[in-house]
Amino acid sequence: MSLWKQQIDLDAVNGWNKGTAAEALGIRITELGADYVRGAMPVDARTRQPFGLLHGGASVLLAETLGSLAANLCLDPAKEFAVGLDINANHLRAVQSGEVTGTAAPLHIGRTTQVWEIRIVTDAGELNCIARLTMAIVPRRDRA
């Protein structure tokens, strides 16, 4: 059974990233599983730091993009939305080229908070970064 309260496809989800930091870094959502979101990001001039390695900030941006998307798919957008409250990331392996793939999976889906684990791996499947994202659930209010 799916966690998602919204019926959405990959084209629509990737369309949401138009004109955002995710688009600027080449992030694309590649899979919407029943209880996870997966996406990929190139390791290139947009995402490397001056020493030629994947920038930790780029990994965090990938993690927050995936976790935030997943959190919001669990909600009724007419009633509430999820916003980032805290993110923690451990960078475990240097990556110089290719692509990294992140998978966001839930650790906790609550009424007022959600916690997501995002595992980012290299092309060879080696763990590059592990992140934990806490999201606050905020009620939607009419704005006059």
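**Note on the predicted model: pocket, core and an aromatic pair**

1. The lining of the largest pocket comprises eight nonpolar, five polar and two charged residues, where Ala, Val, Leu, Ile, Met, Phe, Trp, Tyr, Cys and Pro count as nonpolar, Asp, Glu, Lys and Arg as charged, and the others, Gly among them, as polar. This is a predicted model, in which local features need pLDDT of at least 70 and side-chain atom pairs count only at pLDDT 80 or more, while totals for chains, interfaces and linings use all residues. Residues are numbered from 1 along each chain as its sequence is written, and side-chain values use heavy atoms, with hydrogens and water left out.

2. The volume of the largest pocket is about 240 Å³, taken as the space filled by probe spheres set on grid points that are joined across faces, edges and corners. A pocket here is an open set of points on a 1 Å grid over the protein atoms alone, where a 1.4 Å probe fits, with protein on both sides within 12 Å along at least five of seven lines; lining residues have an atom within 4 Å of a point. Of the 15 lining residues, W16, S68, L69, N72 and L73 lie nearest the centre. Two or more lining residues come from each of α1 (10-16), α3 and β3 (80-91), and α3 gives the most, with five; helices (H or I, at least four residues) and strands (E, at least two) are DSSP runs, numbered from the N terminus.

3. The largest nonpolar core has 32 residues, and V37, M41, V100, W116 and I118 have the most contacts inside it; such a core is a set of buried Ala, Val, Leu, Ile, Met, Phe, Trp, Tyr and Cys residues joined through side-chain atoms within 4.5 Å. Elements giving two or more residues to this core are β2 (37-42), α3 (56-73), β4 (99-109), β5 (113-121) and β6 (127-139), with α3 giving the most, eight residues.

4. The count of aromatic pairs comes to one. The ring centres of W4 and W116 are 6.4 Å apart and their planes lie at 20°, so the pair is stacked (centres within 6.5 Å; planes under 30 degrees apart for stacked, over 60 for edge-to-face, the rest tilted). W4 is in the segment before α1 and W116 in strand β5, so the pair ties together parts 112 residues apart in sequence. W116 is buried, with a relative accessible area of 0%, and W4 is buried at 13% (buried means under 20% relative accessible area, exposed over 50%, partly exposed in between; 1.4 Å probe, protein chains only).

5. T134 lies in strand β6 and is buried, with a relative accessible area of 16%. Not counting residues up to four places away in sequence, T134 touches V83, G84, L85, D86, Q114 and V115, contact meaning heavy atoms within 4.5 Å.

Definitions and conventions. Phe/Tyr/Trp six-rings, centres within 6.5 Å; stacked < 30°, edge-to-face > 60°.
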